Amino acid sequence: MRTAFLFPGQGSQFEGMLDFLPNEPCVKYLLEQSSDILQQTVSSLHSKEALATTKAVQQCLLISSVATYKLFEIEGLIPSFVAGHSVGAFGAAVAACVLTFEEALRLVTLRGELMEQICSDGFGMGVVLGMNEHELLEVTEQFFHVHDPVYVSNRNAPFQITISGSLKGLEKVISYVSAHGAKSASLLNVSTPSHCPLFQDVSNQMLDALNKIELKRPKIPISSNLNARLLKTTEAIKRDLAESICHPVRWHDATSVLYENGARLFIEMPPGDVLTKLATSAFQDVRSMSVSKNGIEDCLFLLQN
C-alpha cells in the first residue's frame, strides 16, 4: 500500500503545541537544535502571545512536523509521497531531503518576517463552505477594490475555499455569500493575506533566498501546491516553495494526484487533523490518520504491519 505523509500549514497551531510532541531522543535533539538555530528557547515560540505572530506560527509548524517525521524515519518508515499545505511544504522538503532542517527553519523564519512586514494590519483570510471556485470568483470580482482587495485563495476542497485580502473586502464577501448560497462563511484566525498577489514581493525575496541554497534532488516525490504535479527536480521544488505564497494552494488537486498515483494511506504530521479530515472527505477508499489524534504508536504500528 502506497502512503503519503502530509505536513499541515497555518491554522493548525495551538498554544503549547510543542509540549505535546513525543518524548523521544530524536525529538528532544531537534528541539535543542531549533533553539540553537534561532538563539531562543523553543518554549518561547508557542505561547499565546508568540503565536499571534506569523513568524512564530510558521516556525512551530515546521519544528512540530519535522520532529515527528524523524520518528518514522528512524524506524525506516519512508512514505511513497509527501505533501505540505502552504508553509507545510518546507517540512515536506526536509522529509524528501531537499533541504536540511536548519535551512528550512531559516527559510520559514524569513518567510514569516516578510509576510508580517508587507501586510501587518487590516488584512487576513476567510473560509467559505458550500460554494465552488467559479461562484466565489464571481463574487470576489464583484467586491474587489484597489484599496480593499479580496481574492480567492486556497482550494482546499471543491466546496471549501479560502479568500484573502483586506478585512473590509473579506467582510463584504462573507456578508454577501452568507445570504447567497454559502453554507457558512467566516474570518480565519490569520493576520496575513496568504496565497494571493499581495505577496508577490515575498515570493521574489524567497526565490532569492532559495537561490543561495544548494537544494538536493528529492528522495521522495513531493506533490505541488501550485498545480497537480509530482515534483521530482530541484528547480520545480524551488519554484513551488517560492511562488506558492502569492498563488492559491490547490490542496485538493495536490492530494488527488497522490490518490491517482496509488496512495491509499494518508498520515498527517502534527499539529492537528485538518488535512486528515479533508482526505477522508475527498476519497472514500483511503485510510487517513493524524498523529495528533490517533497517536504515534498507532500510526507506527499500522505502517509496520
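The structure is a predicted model, and every value discussed here was computed from it. Two packed helices are described by the angle between their axes and by the distance between those axes.

Take helix H4, which covers residues 101-118, and helix H7, which covers residues 200-211; their axes come within 10 Å and cross at roughly 155°. Since an angle over 145 degrees counts as roughly antiparallel, H4 is therefore roughly antiparallel to H7. The crossing of these two helices, H4 and H7, is right-handed. On the H4 side, the residues that meet the partner helix are Leu-107, Leu-110, Arg-111, Leu-114, Met-115 and Ile-118, while H7 brings Asp-201, Val-202, Gln-205, Met-206, Ala-209 and Leu-210. Sorted by class, the residues in this contact of H4 with H7 are nine nonpolar, one polar and two charged.

The second pair consists of helix H5, residues 133-143, and helix H6, residues 167-179, whose axes come within 10 Å and cross at roughly 130°. The contact is formed by Leu-136, Val-139, Thr-140, Gln-142 and Phe-143 from H5, together with Lys-172, Val-173, Tyr-176 and Val-177 from H6. Among the residues of this contact of H5 with H6, six are nonpolar, two are polar and one is charged.

How many cavities of 30 Å³ or more does the structure hold? The structure holds one cavity of that size, and the largest cavity has a volume of about 40 Å³. The residues that line the largest cavity are Ala-89, Ala-93, Ile-222, Leu-231, Ile-237, Asp-240 and Leu-241. Two elements give two or more residues to this lining, namely helix H3 (88-95) and helix H8 (234-243), and H8 gives the most, with three residues. By class, the lining of the largest cavity has six nonpolar residues, no polar residues and one charged residue.

How values were computed:
Residues are numbered from 1 along each chain as its sequence is written. This is a predicted model: local features need pLDDT of at least 70, side-chain atom pairs count only at pLDDT 80 or more; totals for chains, interfaces and linings use all residues. Side-chain values use heavy atoms; hydrogens and water are left out. Axes are lines fitted to C-alpha atoms, for helices over the stretch in contact, and angles run from 0 to 180 degrees between N-to-C directions. Helices (H or I, at least four residues) and strands (E, at least two) are DSSP runs, numbered from the N terminus. Contact means heavy atoms within 4.5 Å. Ala, Val, Leu, Ile, Met, Phe, Trp, Tyr, Cys and Pro count as nonpolar, Asp, Glu, Lys and Arg as charged, and the others, Gly among them, as polar. Angles under 35 degrees count as roughly parallel, over 145 as roughly antiparallel, 65 to 115 as roughly perpendicular and the rest as oblique. A crossing is left-handed if the near helix is turned anticlockwise from the far one by less than a right angle, and right-handed if clockwise. On a 1 Å grid over the protein atoms alone, a cavity is a set of points where a 1.4 Å probe fits but cannot get out, and a pocket is an open set with protein on both sides within 12 Å along at least five of seven lines; lining residues have an atom within 4 Å of a point. Grid points are joined across faces, edges and corners, and a volume is the space filled by probe spheres set on the points.
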